[in-house]
Structure formats: structure tokens, C-alpha cells
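Thank you all for making time this morning. I would like to walk through one model, going from the chain as a whole to its sheets, its helix packing, the surroundings of the ligand and a few backbone details.

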Amino acid sequence: MIQHNQWAHLWQLDKSIAYLNHGGYGSVPVHVQEVQNTFQDRASANPNRWFRSEMPNLMIEARHIVAYWFGVAPERFAFVPNASQGVITAVQALVDDATAQKQQAHLIGTSLGYGGVLYGMQHVATRSNATYSVADLVYPTDVGADVISSRIRALLPADNAPTIVVLDQITSETGVLLPVTEIIASLRATHPHIRFVIDAAHSAGMLEQPLPVGFDVWVGNLHKWLCAPRPAAALICGSNEIAALMTPLAPSWGFEKGFPTSFEWQGTSDYSAYLSVPAAITFQEQWSWAERNAHNRAVADGAASLLRDAWGVTNHLGELVEAPWMRMIRLPTTAPLDKSQIDSLIERCGLVLNAECAIMTVRGNSYVRISAHMYNEVDQYEVLVGLTQLLP
Ligand SMILES: Cc1ncc(COP(=O)(O)O)c(C=O)c1O
């Protein structure tokens, strides 16, 4: 029987499981879901009125509320479905700008980047005649500003050709908080023309200051730590000049009005997740950020110590700074798990231990990645001790 705290009933999660992977896909609170349902009900009750007048006005209102919550002008903010789509949209728009000036663009990612985004960058480069390279960063050592800046600098073109660097604010698989502001400052000092696209899939809701200094485009999920319904993400431009360059991947009505109106009609679709983001913000703010941070950090730290002690593994992190509410714990495996072993272990963890978590192999070591939100408590992670009994 899983124990739940006084806040767990506020989320829709199945109470027969320990849900320890909030970082994977987020989870939606009951009240936020109800708000989304009301928008969907209105769309169903009168689609003509909804799509012609109600929804467009509500979209503008939601954009203003969420932009102000981030502390940015609504003219520099657009909703996009998710971090993957938003980052690739931004990269393609910046490559198109270079192409319009008859220049070849150079795309640079890092090996700590999200696999799906790296595939997307590679494809943008192929179809747009840009170059694509990846700075090799070894987890868990290569995570400081100096080493990351120098690995990226080594890949920069010798001339001042347009260069787009995609940096994760919190790395996807490995949950490392990268010193993005310092990396941008270091690279800009020698190469002021670089454009930085920040993949901030995990930042909104978890970081007190999610926007680093000096970004050109910041893309962050709102359906993860902010607990908005899926799919909802923000694309924020760092300047009016960049905003003028942002175009959707599939332009439609409103295109001629430019950013952000060009992002507000992507055909007949379900926009209710975007419209529910203000409700998700209100939901979160029943606790101050400091309260959420204190609870979630303490749970993540307590759970990580519990599992390390039980498995007899050391903390492998050294100086590395972890995402505040996620932890990586090395699994005591004799050999690294391959993809099919990982898939089977995650499934059996759910079915046998009634617990959901993330498991991955990085550079020859296998890890379990745990997350903590307000509905979690340390004792829920005890069931994961039994993961070792399920190892192949
Ligand atoms: C850094 C990073 N980028 C992109 C993504 C993909 O997010 P989404 O599936 O919402 O696009 C993730 C997912 O965790 C991520 O961590």
C-alpha cells in the first residue's frame, strides 16, 4: 500500500502506484484538468463560435498572462506544443535567416542534448545546406562552463558565418543544471554573432529564474514542472530582432502579422492546453517557489541517499550541479543495460513494484533517474530498492 501525503489528492495520478518520474512527462492536477475540460466543452458545444471568436481572444489573454509570469513582453512570447517542436522551429527560423542572406549556417549541439532535438537539428542542416556538429561532453565530468565553452569554441567556423548553438539548461537524460549564462557570456566574448537557442524543457516551475542572461530563443515545457496539461510549451525571444525572425514550421493564417500572431493559428486543433496554463500557474502558486523547492529538494535528496545506501553505491556526481528536483543514482549492475533491458526493467518496475521511474545508460553506466514534486515523499522511493531483484 503506497502512502500518500496531504497534497497527493490534488493530482490525477493513480494512487495505487508510486509516481517517481514527474520529469518524464509531468502530471496534471485535478483542478487544472477541470479547467481544460471547460474549454473543451465550450469547443464541443459551439465549434463555430469557439474557433471564430472565443478561442482567439482567450489565446491572446493566456499569452499575456503567461508572458508576464515569465517577466517578458507578450510580443516576445508564443505558445508551441513542446520543447522538441519549439527548439527545431527556432533553429529552422534562424537557419532561414542565414539562407536569406545567402550565407551558410552552422549548427552546434552537445552530446548531453536531447536525442530527439539532435535528430531534428541534423535534419534541418541536411535540408537547408547548413553544417551540423556536436560538442562531445562526457557525463558526469564535462559539465562546467569552461570545458563546455572550449569544446563548443573548437567547433566554431573560422569566419563570422552565422552560427546557432543549442544548449540544454537542464540536460534531459542526466538532469544536470548547466551554467548556461556563463557559457553564453564566455562564447559571446569571442564570437558575438553566435545565436543561442536554449532547450529549457525542464526549467519552468523548477528554476526560480528560468531565463538565463543573453539567450536569443528560450524554449521550455509548461507541461512538466509547471503541471499544465500536455502539450504546452513557451517560445520566448530575447530581442525584438529575433522575434522578427521567428516563423512557425508550417505557416498559416496570421503569418503576415508576424510573431507571435503567426503562431496562434496552426489550423483546427485543440488549444485547450495553452489556455489552461494560467490555471496551472495559479495552482503552483498556492505554495511559494521556496516552499516547493524546500519540499522537492528534500525529497529528492532523501530518496537518493536511501537508494545509494541500500545499493551500496557512491554518489558519482562530484562538483556537478543537479537539477534541483531530479537525482541520478547509479544502479549496481555488473554490465551496462542495453535499450531492451532498460525498457523491460521500467515495465517490470511498474508492474511488479508499482513504481514509475526513468532508467538510462550513459557512457557505460546505468542509472535510475528519480523526480520529486509536491505529491512525493521519501518513503515512496523505498520500493525502488527492489529494482536490483529485477535486474537481468
Ligand atoms: C532537454 C530536453 N529537451 C527536449 C525534451 C523533449 O520534451 P518534449 O517531449 O516535451 O518535446 C526533453 C524531455 O524531457 C528534454 O529533457
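The chain has 13 helices and 12 strands, where helices (H or I, at least four residues) and strands (E, at least two) are DSSP runs numbered from the N terminus. This is a predicted model, in which local features need pLDDT of at least 70 and side-chain atom pairs count only at pLDDT 80 or more, while totals for chains, interfaces and linings use all residues. Residues are numbered from 1 along each chain as its sequence is written.

On overall dimensions, the radius of gyration of the chain is 21 Å, close to the 21 Å that the globule rule gives for 392 residues, so the chain is as compact as a globular protein of that length; the radius is taken over C-alpha atoms, and the rule is 2.2 Å times the number of residues to the power 0.38. Along the principal axes, the C-alpha atoms fill a box of roughly 60 × 60 × 35 Å. Of the 392 residues, 46% are buried, a class that asks for 20 or more other C-beta atoms within 10 Å of a residue's own, with exposed meaning 12 or fewer and partly exposed in between, and with C-beta atoms placed from the backbone. Among contacts between residues at least 6 apart in sequence, 69% join residues at least 24 apart, a contact being two C-beta atoms, placed from the backbone, within 7 Å.

Let me turn to the sheets. In the order β2-β8-β7-β6-β5-β3-β4, 7 strands form an open sheet with mixed pairing, and two strands pair if DSSP finds at least two bridges between them. Its edge strands are β2 (77-80) and β4 (131-135), each of which pairs on one side only, and the twist averages 20 degrees from one strand to the next; axes here are lines fitted to C-alpha atoms, for helices over the stretch in contact, and angles run from 0 to 180 degrees between N-to-C directions. Within this sheet, β7 (residues 217-221) and β8 (residues 233-237) run antiparallel and are joined by 5 bridges, with V217 having C237 in β8 as its bridge partner. Helix α4 lies across β2, β3, β5, β6, β7 and β8, and runs at about 165 degrees to β7.

A further open sheet is formed by 3 strands in the order β9-β12-β11, with antiparallel pairing. Here β9 (326-330) and β11 (358-362) stand at the edges with a single partner strand each, so one side of each is left without a neighbour in the sheet. The twist in this case averages 30 degrees from one strand to the next. Helix α11 (residues 289-311) packs on the sheet, touching β9 and β12, and its direction makes about 5 degrees with that of β9.

Which residues make the contact between α3 and α10? The axes of α3 (residues 47-70) and α10 (residues 277-284) come within 9 Å and cross at roughly 35 degrees, and the contact is made by A62, I65, V66 and W69 of α3 together with V277, P278 and I281 of α10. These residues divide into 7 nonpolar, no polar and no charged, where Ala, Val, Leu, Ile, Met, Phe, Trp, Tyr, Cys and Pro count as nonpolar, Asp, Glu, Lys and Arg as charged, and the others, Gly among them, as polar.

Next, the ligand. It is surrounded by N82, A83, S84, Y114, G116, V117, D168, S172, D199, A201, H202 and N221, a residue being near if its C-beta atom, placed from the backbone, lies within 6 Å of the molecule. The elements giving two or more residues to this shell are α4 (83-100) and α5 (115-128), and by class the shell has 4 nonpolar, 6 polar and 2 charged residues.

Finally, the backbone. Most residues other than glycine have a negative phi, and most peptide bonds are trans. The bond from Y139 to P140 is cis, with omega near 5 degrees, and P140 lies in the loop between β4 and α6. The bond from F259 to P260 is also cis, with omega near -5 degrees.
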